[in-house]
Every structure is written in structure tokens, then in C-alpha cells.
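Hi,

Here is the structure I said I would pass on.

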Amino acid sequence: MVCAYLLRQCVTVWGWPLWLGALVTLGLVAPGIGLALERFVFRPPAVVGGDPARTLVASIGVFVLLVGGAALVWGTGARADAPTLVPGDPWGQLASVAALAVAVWAVTRWTRLGDELRAVVDDRRLAVLTGIDADRVAAAGWAFGTFTAGLTGVLLAPYVRLDPYGLPLLVMEVVAVAVAARMRSLPVAVAVALAVGVAQSQLTRLHPSGWTAPLLQAVGANLFVVALLVAALVMPGIGGRTGLPRTVTAPVPAPPGAWLVAVVLFLLPLGLAGSDLHTAVQVPALGVILLSLVVVTGRGGQISLGQAAYAGLGALFTALLAAGRFPVLPRLPLLAALVVAVLLVAPLGVLTGRPAISRHGLALALATFAVGVGVSRFVFDQPYATSGLTIGRPAGFEGDHAFYALELVLLTGALLAVAALRRGRTGRALAALRDDEAGAAAAGVPVPAMKLGAFVTGAALAALGGGLLATGVRAFDASAFDPVRSLLWFAAVVVLGADSPLGALAGAALLVGLDAGTKGGVAAALIGVLAVLVGRFPAGPYEALRAAVARMRRPRRVTLTPRGAALRAVLGGGAGASELRTETTRTKTTPTKTPRTDTAVGTRAPGAAAGPVPALGPVPAPGPAPAPAEGSGVLEARHLTVTYGGYAALSDVSLRAEPGSVTAVVGPNGAGKSTLFHCLAGTLRPGAGRVVFGGRDITRLPAHARARLGVAMTFQQLAVFPSLTVGDNVRVGAEQGRVRDASATARVLALLGLGGSGPTTDLPTGTLRRVELGRALAGAPRVLLLDEPAAGLDAAEVAALARVLRALAADGTALLVVEHDLDLVAGLADTVHVMAAGRIVSSGPAGEVLGGAAART
């Protein structure tokens, strides 16, 4: 788009020759944009291994910034005088497209740059380790990519009007083709593009009749959107579980007095403004819409780029119901029409909530955006739905001041509803889902239901805001709910604090105020800039400003510990060397003696200094649990088989974990231990075989359902919830596990020596292991699965962990441990299974198995 506008500026406005304008635009500006984006936007988070979700947000920010910048520089009106770079002969155009496709294919497949570029895209750090200059390769890739994108825009511009808000939506055609090609195969992408393009051109020549004519014409004119919907929502293998992770931090509190200021500012129009509040009435309505993103994205952790569709449907349904044009239903008063519209739109949240169950990150973003584009093209842009539609205001609220007061009441209700979702059991479950989906499922959180609930609630709030927005301006305007708005709203909420209702209110005021008081495009450009910089202040701009001011006000003072001071003296040859040597000698020659008892747990409280781990008191039971029936706590794997592309990760594996015993699985890397663990945990479904618990086949049950039956688990990669306190992490397990006992949290915290009020951010690995274990124990499990629980622990912490696990086994819990630490296994396990190449090659008592040849191999 930018290159198309710039070429028009050079040739049409400034009178340059076409060849010179094309050379400057495509040879200098387009690659320069790519180099600038790579260097200043995408390289910093890539180099430090930042969260790819923030890279996605930055990409949306670039899109919004370019749209806003184009509107700001060249205006919002459409232009039809773009210069033609390639003659209008279809064969010439086809030859140009073919030449461009061959060039891209040749560069990516037959050059060293293409090989290195694919390596950097797949794994940048691994590419660097192999000697590839990732920065140079990424810069070249971006330059080449922006050149091809600019050339595409220049070629399309003469045949579609230059419109800063309409032309960027042609990216949907590109996305549809790329998703259909699974982001990998260029020949498939070209074939799909040609097939869909030819089919669409033929369908536009049809002239059907009857009541289905408008819909069939819409499908024919938007076949690429249909292709995108099919590719993003229906085709298997698109997205799947390859989601982008979301890094979260401890919640940042709002500035002191911020809510008081917000209340005063929102009340000002009632007393100080004139009779015309045309602009002010849009702010509370947009605030409700942005609150829907706080629920879906900020609290639920789901990417939703289709909220404008639900807002538009709320506005459209309200207008249709008030006009008596909604099928089946009678004409309703406006307030009743608004309520019914919200009730009708809310279940449609399943359209985006259902894909969220199995998709994450980029795949989810594409699916939700596809829904938004589909609704816009097939509903909002069609005369059969919107022609002749008018809307008024509710009786008694016709004036601007009265209607604004009504909006404030509804906005307050929406704020209270969002606050309720951020507290209590539901709030903790949503926060757990956002922070670590696998950990939430392991704690018993019903992940699919929580996702659907978040999207349905978000759809209802968006519909309410959309209905208020249309009612406030007394018109249904389809352009107010186009898909670009979804991107703008999403970016605004993320950069101003995704989990902050105050940020949603600030975003609404900012967007409406800038659009009304400045030149068109300023709001989009500003939000785009902030979104581009989101990787530099992930907690929001206020936190970034607060941290910067704190750094300027308080110079950092570094205080050495006594051991550090002694070490400095040793390095400097001064006093204190003998003290350090004496301490070091004592540490080496005096081993720490840890009593072997099943009722003492050695732990270290959070923040305590390193040293001997103190012994705690007797181990209490994690929670009240009735005595199980015979065999009710036995977990069995029966002939499990898992294959990946012909490779057998598991082959006919069978084992049992019985109550009161510790079963260990050992073996080299790649033996299949983690695959077996995930089959038992419910995070991976085997291709053959069964998982049986207490005589019941649970093979098809997901992880959260197994947790509620009493199968708890901890992971090799820590699965804690950083935005929750230590106590709330444990409380999630107590609220979602097999036995829901409010007092279990305090007992587990005491058992593991944890302080419940502190945050989990920046805690050492050993403490975080105890937090994760505490969450698993709080639900009173019958079976506890632990995947390398000693990873990252020091010797004292390993000894303390062993005592806790022995005590749990003595209390009747069945434990299955996947572990590399053979010393821990030897002193803990009753039965050991040795795996190699996906099979169990040896089983038996720990002393016999670990002393045999199988363990040594």
C-alpha cells in the first residue's frame, strides 16, 4: 500500500518518469522499509529470545501504523489515478505474476540465502550456533519480502482504488493463500491463488435470481474470504498445537488516584459540555467494546482479532429488532432490542471460541480475523441486511445528556462484571489459563469451557458496546466495524494494559478523542507506534514510565554479602582471604547430614539465604479424602503405542503405578519417557493402547478431567502462574482438583514451607518446584505424576523433595516419577522401569534394575 501511494506521488503528483518512480519506490524505499522494520522492531525481541506473541502484536502494530500513516499523509479518500506499471493485457499480468513467483521460489529454494533464511525462521538460536549470521540473513529476508510486497501493491493499485482502509484488506487474499499452503509451499500457494482467482472471476459473471441471489453474489465476490475461513477453521493441521507462547509478569497496579481521575473525566461531559455530546457519547460505548478484549485477551490470554464483528452484529441486531425487521421476532422497544441483541450475539462467540480450543497464537489470530472478515463481507457490506436501516434512541433518553448517563450506568455494570471475572475462583482459573495452559489443565481447570466462556462473555460485551455506539450516533455505519478496527482495538488494549479495565477506558477516550479532534489517521498511527514498541514495555506504558523515573531518582546501590566481600578480598589479595578459605574448606570437608525420615521435610522459605535446609514438622495430609476402594487408585498403561511419521516414540509399553508405592521411569534422552508421561497425563493421546485408572478407561479424557479424577502432575518445564501469588497458585489446585477443600491451601503451604502472600516472579527454581508440587497436592490426588521433579534443584532441595515424596507414598498416594537423577531414584523408588528406543527393556526393584547392565546402557 505504501509503495503504491508513493509511486503515485512520484509519477502523478510530482511528474517523475514512471521508470524513475518505480526504481526509487521498489529499489530503495521498499527494501529500506524492510531493513528498518527488521533492525528496530523485530530484531531486538528475536535476539533476546522474546515472547513470539509480542512479535505478533508488533506485527499488528506495523500494520496499523502503516494504515494510519497513509491516511495521515495522503488522506482517507479513495483515489483511482494510480500509475500502471504493467500493461492491462491479462497475459502480460500473468507473465509478471509467474516471473515474480519463479524469482521468489528460486531465491528461497536454490540459493544459500534461502537455506539460511529457512534455518533462521525455524530456530534462530540454533542457526547462530551453526555459524549463520542471523542478523544479516534476517535483514536480507525482510528487504526481499518488502520488495515483493511493494511490487504486489504497485501491480494491484491500478485495478483497485487506493484507499488506506480498503486496500490493506487485500492482505486477506494473501493470508488465505498462505494458510492454505500451510505457510510453507510456494507452488501450492501459487496454485491456490490462481484457482481461487479464476473461480471468483467466473462466479462474478453469474446473475442468480430469487432470495438467495444477494448471498450467492456475495460469495462469488469474496471467494478468497471463503477460502480463508475454510483454511483457518476447517482444514486439519493448520495451527494445531503450535501456538505462540505468552509470557506474563506480575500484575502492575494502577497509578494512585487513577480511578478517581477516570471517574471525574467521564462525568465531566454531564456538567461542563454543551447540549451536543455527539463525540462524548461514543467513549463509553467504545469502552464497553474494549472491555470485551480485557476479558478475552487480558484475562483469558486468547488472541481475538474479530471483536469488531460482534460489536457490529450487536449494532445491526439492535437496529433490526427496533425496526421490526429481524426474522421471526416482533418489533421491540429500543432498550429491549439492545438486551435481546446481546443475548443473540453472545452464543455466536463460539465461532471464535471453538477454534481457540485447539489453536494458539498465530493460528488463533488468523481464525478470529477470518471470522471478522467473513461477517464484514457477508453481512455488513450487503444491502439486503443494512439498506434503509435507521436507529433512534430509547424513550426517555433521546437527549445527549440523558443517553450519556444511561451509557455510564451500563459501562459501570460492565466494569463490575469484568471485575467479578478477575476475582475469586473463576478469576484465578482464567489467570491460570492465561499464564500456562498446560499447568492450568494439570490443576483441573476445564480449559475448553473456560475458553468458550471467555469468548462468549467477550462477544456479549462487544455486542452491548456496538449497540450503544450505533444508538449514540443514531445510525448503523458498517465502516465503524470493519476488520481494521478489530486490529486497532486489539493493539490499543494490549499496549495500554491488556488486563487493565482502566487501560480499556483510556484507550476508548484516546481513540475517540484523536479521531474527532485531529486529522484522520492520527489515532491509528499513535497506537501503531505503541504496539511496535510493545516488546520494550510488556507491562504497559505506565509501568515503563514508572520504572524509568524510579531509575533516575534512585541510583542503584550494590551491597555485597559477607561471602562476596571475602571473595573480593581474595581476588584483590587483601584481608578476608583466610576467612573465605576456612569457610570453603569447611564446606568441602563437612558433608550435610540429612536424616532419612518420612515425617520431616527440609525446605527453605522464599527469600531465605542459602544454607542448610531446615526440617519442618510432621507432614499433614494434603486434604480430606475418603478411603479408596480396592484398586481405585491404580493407574495403568496398557500396550501404549505412539508414532510420529513412521518413527515409534512408544511401542507396546505397559506399566502400573499402585497406591503407596513409588514407580520410576529412567532411560537416556529420546527413550520415550516424556511421551509416556504425557500419555498418562492426558496431554497426548496414544495411537494405540489404553490408559486405565481405577478400572476405568481414561484414554480419551483430557488432562483437566484426569486431574479431577485424582491424577495430578507436575512438568519438567515449570508450570506456575506468574501473575498469581504463591498462595493463589496452590489455591487453584485446591479449587479445581479432586477434592475441593478451602483449608487445603494453608495445609499445603505449611507442608512445603511456602509463604502464600508473595508473588511467584523472580523466585528461585527450587521454590517454584515446591509451588508447582503444592498446587498438585492441594487437590488431594490419588496418583501423582512427576516429570523430572529434581531438575534445577541443589542437593539439599533434592533431599527435601525425596522426603516429601516418601511421605506422600506412605500416606497412600501412587507416585510415578520420570527422572534422570539415578541417586534420587535409587533412594526413592520401589519399582523402576528402564526405557530405550520407545520400549521398556527392564523392570523390577530399584536395587536390582539400577545395578544391572540395562541401567548402565
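This is a predicted model: local features need pLDDT of at least 70, side-chain atom pairs count only at pLDDT 80 or more; totals for chains, interfaces and linings use all residues.

Below is what turned up when I went through it.

Starting with the overall picture, the chain has 37 helices and 10 strands. It runs to 857 residues, and 49% of them count as buried. The accessible surface comes to about 38000 Å², with 64% of that belonging to carbon and sulfur atoms. If you take the contacts with a separation of 6 or more, 75% are between residues 24 or more positions apart.

Now the sheet. Four strands make an open, antiparallel sheet, in the order β2-β1-β4-β5. The edges are taken by β2 (647-657) and β5 (696-697); each has a single partner strand, so one side of each has no neighbour in the sheet. Between β1 (residues 635-644) and β2 there are 7 bridges, and E636 sits opposite R656 in β2. Helix α29 (residues 673-681) lies across β1, β2 and β4 (688-693), at about 120° to β1.

Two backbone angles are worth a look if you plan to check the geometry. Most residues other than glycine have a negative phi. H639, which is in strand β1, has a phi near 55°. A837 also has a phi near 55°, and is found in the loop between β9 (831-836) and β10 (839-845). As for accessibility, H639 is partly exposed at 49%, whereas A837 is exposed at 59%.

On to the salt bridges, of which the structure holds 19. Here are three of them:

- R136 pairs with E116, with the closest N and O atoms 3.1 Å apart. R136 is in helix α7 (residues 134-156) and E116 in helix α5 (residues 112-122), so the bridge ties together parts that are 20 residues apart in sequence. R136 is partly exposed at 43%, but E116 is buried at 10%.
- D499 pairs with R434, and again the closest N and O atoms are 3.1 Å apart. This one links distant parts of the chain, 65 residues apart: D499 is in the loop between α23 (483-495) and α24 (501-517), and R434 is in helix α20 (residues 424-435). Both D499 and R434 are buried.
- K451 pairs with E437, the closest N and O atoms being 3.0 Å apart. K451 belongs to helix α22 (residues 447-473) and E437 to helix α21 (residues 437-443), so the pair ties together parts 14 residues apart in sequence. Both K451 and E437 are buried.

There is also a network: salt bridges with shared partners join R299, R422, R434, D435 and D499.

What does F378 touch, leaving aside its neighbours within four places in sequence? The contacts are A218, V219, N222, V225, V226, L229 and Y384. F378 is in helix α17 (residues 361-380) and is buried, with a relative accessible area of 13%. F378 and P214 are 164 residues apart in sequence, yet their C-alpha atoms are 9.4 Å apart in space.

Last, the surface. L260, V261, V264, L265 and L268 form a nonpolar patch there, with about 450 Å² of accessible area together. One of them, L268, is in helix α12 (residues 258-271) and is partly exposed, with a relative accessible area of 35%.

Cheers

Technical notes: Residues are numbered from 1 along each chain as its sequence is written. Side-chain values use heavy atoms; hydrogens and water are left out. Two strands pair if DSSP finds at least two bridges between them. Helices (H or I, at least four residues) and strands (E, at least two) are DSSP runs, numbered from the N terminus. Contact means heavy atoms within 4.5 Å. Axes are lines fitted to C-alpha atoms, for helices over the stretch in contact, and angles run from 0 to 180 degrees between N-to-C directions. Buried means under 20% relative accessible area, exposed over 50%, partly exposed in between (1.4 Å probe, protein chains only). Patches are made of residues with over 30% relative accessible area and no salt bridge: like charges are joined within 9 Å, nonpolar side chains (Val, Leu, Ile, Met, Phe, Trp, Tyr) within 5 Å. Accessible areas come from the Shrake-Rupley method with a 1.4 Å probe; for residues, only the protein chains shown count as cover. A salt bridge is a side-chain nitrogen of Lys or Arg within 4 Å of a carboxyl oxygen of Asp or Glu.
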